[in-house]
Amino acid sequence: MSSPPPATSAMLVAHKPKKSHPTSTTSKTRTELVAAQETYGRGLAAVKQNAKDKKLRGNLKKIELRYRDATTSAADAELLRPESGPGFIEAEGELERTWKVSQTQIREAVDVATAEKGFGLDLQFGPYCADYTRDGRDLVLAGRKGHVSTFDWREGKLGCELQLGETVRDVR
């Protein structure tokens with residue numbers, strides 16, 4: 001009887017499947033990829049075979065992979081855009097303008113619990129620009145005349161408030 005060959009280090013390495021990101025193209029079915037390409041794609045892919053330079057072909061391939069990932073990411077982000085449902089005002093007719101709806105009209109039209117969540121801000125330092133944090137909990141407000149404040153709008157609590165004494169044009 002012959003003994004089995006000695007194990008080498010290459011034979012002992014276990015091949016683990018590479019985990020993919022939930023929005024990566026490897027986790028999508030072919031129909032999902034085609035639908036994303038039709039909706040968000042940029043058109044026909046560049047012809048890599050016509051490029052004579054090896055480096056150029058490699059760069060074109062990388063770019064096409066980035067475009068494909070971008071189309072699938074755009075298709076995934078579509079789920080995060082609720083165009084109807086809570087939080088939106090729908091016009092009843094073609095001629096109705098939703099920007100003419102006042103806060104008091106909204107407060108009268110919603111249920112009591114939602115109406116109690118409403119709050120008013122007395123903003124005295126010029127036009128303001130606003131931005132939310134990524135989780136949507138905190139709000140930062142910046143006035144043109146230098147007033148900057150953070151605000152937890154769900155709790156109604158002021159985080160901090162600064163008077164810069166400088167012109168503020170944008171906030172991020």
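Which helix is included in what covers the buried residues of H3?

Reply: Helix H2 (30-40) is included in that cover.

First, the ground rules. The model is predicted, so local features need pLDDT of at least 70 and side-chain atom pairs count only at pLDDT 80 or more, while totals for chains, interfaces and linings use all residues. Residues are numbered from 1 along each chain as its sequence is written, and side-chain values use heavy atoms, with hydrogens and water left out.

Now H3 itself. Its buried residues are Glu 64, Thr 71, Thr 72 and Asp 76. Buried means under 20% relative accessible area, exposed means over 50%, and partly exposed is in between (1.4 Å probe, protein chains only). Helices (H or I, at least four residues) and strands (E, at least two) are DSSP runs, numbered from the N terminus.

Does the length of H3 agree or disagree with its residue count? It agrees: at 1.5 Å a residue, the 24 residues of H3 should span 34 Å, and the end C-alpha atoms are 35 Å apart. The expected span is 1.5 Å times one less than the number of residues.

About 240 Å³ of space lies in the second largest pocket. It has 13 lining residues; those closest to its centre are Gln 37, Ala 45, Glu 64, Tyr 67 and Arg 68. By class, the lining has 4 nonpolar, 4 polar and 5 charged residues. Here Ala, Val, Leu, Ile, Met, Phe, Trp, Tyr, Cys and Pro are nonpolar, Asp, Glu, Lys and Arg are charged, and the others, Gly among them, are polar.

The pocket terms need their cut-offs. On a 1 Å grid over the protein atoms alone, where a 1.4 Å probe fits, a pocket is an open set of points with protein on both sides within 12 Å along at least five of seven lines; lining residues have an atom within 4 Å of a point. Grid points are joined across faces, edges and corners, and a volume is the space filled by probe spheres set on the points.

Next, the largest pocket. It holds about 790 Å³ of space. Of its 17 lining residues, Gln 103, Ile 106, Thr 114, Gly 118 and Trp 153 are the closest to its centre. Helix H4 (103-109) and helix H5 (112-116) are the elements that give two or more residues to this lining. H4 supplies the largest share, 3 residues. The classes here are 9 nonpolar, 5 polar and 3 charged. Gln 103 lies in H4 and is exposed, with a relative accessible area of 60%. Its C-alpha is 9.5 Å from that of Gly 120, 17 residues away in sequence.

Setting aside neighbours within four places in sequence, Gly 136 is in contact (heavy atoms within 4.5 Å) with Trp 153 and Arg 154. Gly 136 sits in the loop between strand E1 (128-132) and strand E2 (138-143). Asp 152, in strand E3 (residues 147-152), counts as buried at 14% relative accessibility. Beyond four places in sequence, Asp 152 touches Arg 137, Asp 138 and Lys 157. Arg 137 also figures in a C-alpha distance: 9.1 Å to Glu 155, 18 residues apart along the chain. Glu 155 is in the loop between E3 and strand E4 (157-163) and is partly exposed at 48%.

Val 140, in E2, is buried at 16%. Its contacts beyond four places include Cys 129, Val 148 and Val 171.

Finally, the whole chain. It has 5 helices and 4 strands, in the order α-α-α-α-α-β-β-β-β from the N terminus. Of its 172 residues, 13% count as buried. The chain exposes about 14,900 Å², with carbon and sulfur atoms supplying 55%. Accessible areas come from the Shrake-Rupley method with a 1.4 Å probe; for residues, only the protein chains shown count as cover.
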